[in-house]
Amino acid sequence: MRSLTKLIEAALFAAARPVTIDELAGLDPEAGEHDVRAALDELRLAYDAGGHGIEVVELADGFQILTRRECAEAIAEARLVHRPRKLSAAALETLAIIAYRQPVGRADIEQIRGVQADGVLRMLQERGLIDVVGRGEGIGRPLLYGTTAAFLELLGLKDLSELPRLEELSVALKPPGEVR
Amino acid sequence: MSMAAPVQVADRPFLVQLDAFSGPLDLLLHLIREQEIDIADIPIGRIADQFLAAIHQLGLNEAADYLEMAAYLLRIKVAMLLPRPLGDDEWEDPRAELVRRLLEYEQIREIADWVSRQAGERSDRFARGLLPEAAELPPPPLLLDLQELLATAERLVEGLPGQVLHRVVPRPLDTEGATLRIRELLATRERFDLLELLGSAPTVTDVISCLIALLELARLGELIVSQDVPFGSVAITRAVAHEAH
């Protein structure tokens with residue numbers, strides 16, 4: 001294993017969140033993005049080939065070491081970890097709207113769901129899945145919400161482009177931009 | 001139309017559990033899908049009645065969002081009843097907006113399902129530092145019964161210092177004795193010095209006792225306390241008035 005690979009392994013192990021390529025490049029003043037990616041590949045291969053219980057996963061604009069899916073049941077059963085609580089239908093719908101329409105205000109979310117959204121928005125914000133990203137035009141300059149890195153982490157996505165494209169859905173409607 | 005009036009349900013009554021729905025659109029979509037209704041041609045009268053029947057069981061507070069939808073459905077129902085001018089190509093189906101909202105909502109539901117599945121898969125892979133919640137307390141280190149616990153608590157409570165408002169200290173002042181001594185001295189001498197009265201090595205309480213006795217006797221007019229020069233000795237003189245009695 002190259003020394004950069006070793007450093008990256010240590011950094012990913014020590015950090016409790018996804019680490020970006022830029023951050024990993026900071027481990028070695030002579031390392032560029034290309035070297036970091038090569039080292040990540042080497043680490044990933046080493047874990048895959050060696051039959052390890054962990055793997056290198058790309059998510060939320062960074063990389064993180066996660067346990068392998070096949071190990072989940074046993075370690076959860078042994079109460080060494082806990083699965084995050086599942087989100088309610090209301091929370092999932094609200095997240096879905098925000099993910100596709102961001103930045104989006106409360107009124108639009110309520111219009112689409114036909115339900116008041118204060119409570120759900122507060123809860124999602126407290127869990128760090130959404131955040132205020134700006135203020136809209138109009139009366140009272142309403143707060144506009146967007147998804148956060150924690151949202152990508154929750155879903156295990158690299159970035160928002162990994163969300164299903166609207167054409168792929170069975171109920172295809174207008175693209176987000178055209179819907180009021 | 002009054003909301004409180006009993007609702008006539010067109011077909012068979014629809015029994016639905018409202019907490020199972022995330023909102024009025026969810027309920028509406030359920031009614032439509034359950035009866036395999038063509039979303040492009042919703043029998044708005046029937047659906048509106050079923051909707052009203054379903055929300056009838058709700059309390060007013062939780063029903064606000066549902067009532068808004070019910071009013072919207074009834075508005076469409078009324079609009080449908082209006083005569084349509086013949087040969088009018090401009091006529092817009094009053095249900096069009098509802099259909100658009102339903103489809104939009106259904107799309108969001110599909111995305112929500114995807115989000116849920118994705119989150120479920122992600123939750124099968126753990127990152128470092130995700131500590132289990134302390135759901136269970138560690139077992140108690142000692143076994144003790146309730147009596148013991150209560151007795152201990154009682155003992156501790158008793159030992160607690162109460163709030164101190166004023167602490168009373170015993171003062172072994174002897175003003176009576178001092179008064180007696182002063183009177184004895186006065187009986188034999190017309191004038192004497194404070195230091196004589198106090199004697200050698202008086203304690204603080206002796207001094208205080210004597211001072212109080214002196215002041216009291218002075219008040220009663222039995223003697224006069226005087227000091228000729230500042231910081232000089234204090235002289236005690238038998239009062240003339242006393243002799244007059």
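## Helix packing in chain A

In this predicted model, the axes of helix α5 (residues 89-101) of chain A and helix α7 (residues 118-126) of chain A come within 10 Å and cross at roughly 80 degrees. Axes are lines fitted to C-alpha atoms, for helices over the stretch in contact, and angles run from 0 to 180 degrees between N-to-C directions. α5(A) and α7(A) are therefore roughly perpendicular to each other, the term for angles of 65 to 115 degrees.

From α5(A), Ala90(A), Ala91(A), Thr94(A) and Leu95(A) meet Val120(A), Leu121(A), Met123(A) and Leu124(A) of α7(A). Residues are in contact if their C-beta atoms, placed from the backbone, lie within 7 Å. By class, this contact has seven nonpolar, one polar and no charged residues. Ala, Val, Leu, Ile, Met, Phe, Trp, Tyr, Cys and Pro count as nonpolar, Asp, Glu, Lys and Arg as charged, and the others, Gly among them, as polar.

## Conventions

Local features need pLDDT of at least 70 and side-chain atom pairs count only at pLDDT 80 or more, while totals for chains, interfaces and linings use all residues. Residues are numbered from 1 along each chain as its sequence is written, and chains are lettered from A and ligands numbered from 1 in the order in which they are written.

## Chain A overall

Chain A has eight helices and five strands, in the sequence pattern α-α-α-β-β-α-α-β-α-α-β-β-α. Helices (H or I, at least four residues) and strands (E, at least two) are DSSP runs, numbered from the N terminus. Of the 180 residues in chain A, 30% are buried, that is, with 20 or more other C-beta atoms within 10 Å of their own. Among contacts in chain A between residues at least 6 apart in sequence, 48% join residues at least 24 apart.

## The hairpin of chain A

Strand β1 (residues 54-59) and strand β2 (residues 62-67) of chain A pair in the antiparallel sense over six bridges; pairing requires at least two DSSP bridges between the strands. Leu59(A) has Gly62(A) in β2(A) as its bridge partner. The two strands, β1(A) and β2(A), form a hairpin with two residues between them, and Ala60(A) in the turn has a positive phi of about 50 degrees.

## Ile21 of chain A

Ile21(A) is found in helix α2 (residues 21-25) of chain A. It counts as partly exposed because it has 17 C-beta neighbours inside 10 Å; this class lies between buried and exposed, the latter meaning 12 or fewer. Leaving aside residues up to four places away in sequence, Ile21(A) touches Glu33(A) and Val36(A). Ile21(A) and His34(A) are 13 residues apart in sequence, with 9.5 Å from C-alpha to C-alpha.

## The sheet of chain B

Three strands of chain B form an open sheet in the order β1-β3-β2, with antiparallel pairing. β1 (191-193) and β2 (223-227) of chain B stand at the edges, each with a single partner strand, so one side of each lacks a neighbour in the sheet. The twist averages 25 degrees from one strand to the next.

β1(B) pairs with strand β3 (residues 234-238) of chain B over three bridges, and Arg191(B) has Thr237(B) in β3(B) as its bridge partner. Helix α8 (residues 204-220) of chain B lies across β2 and β3 of chain B, running at about 120 degrees to β2(B).

## The contact between the chains

Chain B gives 33 residues to the contact and chain A gives 40 residues. On the side of chain B that touches chain A, the elements giving two or more residues are α1 (24-34), α3 (60-81) and α4 (96-122) of chain B. α4(B) gives the most, with 17 residues. By class, that side of chain B has 15 nonpolar, seven polar and 11 charged residues.

How values were computed: Contact = placed C-beta atoms within 7 Å. Parallel < 35°, antiparallel > 145°, perpendicular 65-115°, else oblique.
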